[in-house]
Amino acid sequence: MKKLIFATTNSHKTSEVQAMLGSEFEVLDLRAFPEIEPAEETGTTFEENAILKAVSVSNQVSLPVLADDSGLEVDALDGAPGVYSARYSGEGATDASNRAKLLAELDRVGARGKARSGRFRCAMALANAGEMVATTSGAVEGILTPAERGEGGFGYDPLFVPDGYCETFAELPSDVKNQLSHRAAALEKMRAML
């Protein structure tokens, strides 16, 4: 079994990546390495942040490091929250406070129906011994709902209905979400590099 470090402390993301890669890989994350200093996400794009995280962590460990940066881009909000998705509602942001701010902003601009279009976007970077190996990206288009729906997933999942579906990512079974998500698309492209 190949070991891989996923440069995150987000257990939801780690579980998704482990499920997508299957039993061929053991996916560890930064919770197993509390001594590792995570990189500051100072990039202005998802790819820049993914590279910063992968290279920084790979300088501190002897295993290959996969990092992602992902978020939600909403057309009616000129691409916001974008790279600030995790901290959209400010200092101490939570998934719930970020969703509440997003709904308030969509109401403020009067976005209804198809005007609530957007996408989840993910960039992944693979590094080894401080050197970049590869980057990939993936996206999934959809519509933002006017209210939260579903108990599964995390982040903005209760608000996002992917194109071709009627359920939000939080309502869809995890195996379905893991086949069509932005992270799945980026990881499928990365699989050959692993």
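**View 1. Asp-78 sits in the loop between E3 and H3.** The model here is a predicted one, with local features needing pLDDT of at least 70, side-chain atom pairs counted only at pLDDT 80 or more, and totals for chains, interfaces and linings using all residues. Residues are numbered from 1 along each chain as its sequence is written, and side-chain values use heavy atoms, leaving out hydrogens and water. Helices (H or I, at least four residues) and strands (E, at least two) are DSSP runs, numbered from the N terminus. Asp-78 isn't a glycine, yet has a positive phi of about 55°. With 78% relative accessibility, Asp-78 counts as exposed (exposed is over 50% relative accessible area, buried is under 20%, and partly exposed is in between, with a 1.4 Å probe and protein chains only). The loop between E3 and H3 also holds Pro-81, and the peptide bond joining Ala-80 and Pro-81 is cis, with omega about 0°. For context, most residues other than glycine have a negative phi, and most peptide bonds are trans.

**View 2. Ala-129 lies in the loop between E4 and E5.** Here's another non-glycine with a positive phi, about 50° for Ala-129. Ala-129 counts as exposed, at 57% relative accessibility.

**View 3. Helix H2 covers residues 46–58.** Buried along H2 are Phe-46, Asn-49, Ala-50, Lys-53, Ala-54, Val-57 and Ser-58. Looking down the axis of H2, these buried residues fall within an arc of 150°, so they line one face of the helix; the arc is that of the directions from the helix axis to the C-beta atoms. An α-helix has 3.6 residues a turn, so residues three or four places apart point the same way. The cover over the buried residues of H2 includes strands E1 (2–6), E3 (65–74), E4 (117–128) and E5 (131–144).

**View 4. Asp-157 is a buried residue in a loop.** The loop runs between E5 and strand E6 (160–162), and Asp-157 is buried there with a relative accessible area of 3%. Setting aside residues up to four places away in sequence, Asp-157 touches Phe-120, Gly-152, Thr-168, Phe-169, Ala-170 and Lys-177 (contact means heavy atoms within 4.5 Å).

**View 5. The largest pocket holds about 760 Å³ of space.** A pocket is an open set of points on a 1 Å grid over the protein atoms alone, where a 1.4 Å probe fits, with protein on both sides within 12 Å along at least five of seven lines; lining residues have an atom within 4 Å of a point. Of the 36 lining residues, Thr-8, Asn-10, Lys-13, Ser-70 and Ala-86 lie nearest the centre. Elements giving two or more residues to this lining are H1 (11–21), H2, E3, H3 (95–108) and H5 (182–190), and E3 gives the most, with five.

**View 6. The second largest pocket holds about 150 Å³ of space.** Its lining includes His-12, Ser-15, Glu-16, Phe-154, Leu-172, Ser-174 and Asn-178. Gly-152, Phe-169, Ala-170 and Lys-177 also line this pocket, and they turn up among the contacts of Asp-157 too. Helices H1 and H4 (174–180) each supply at least two lining residues.

Note on methods. Expected span 1.5 Å × (residues − 1). Points joined across faces, edges and corners; volume = space filled by probe spheres on them.
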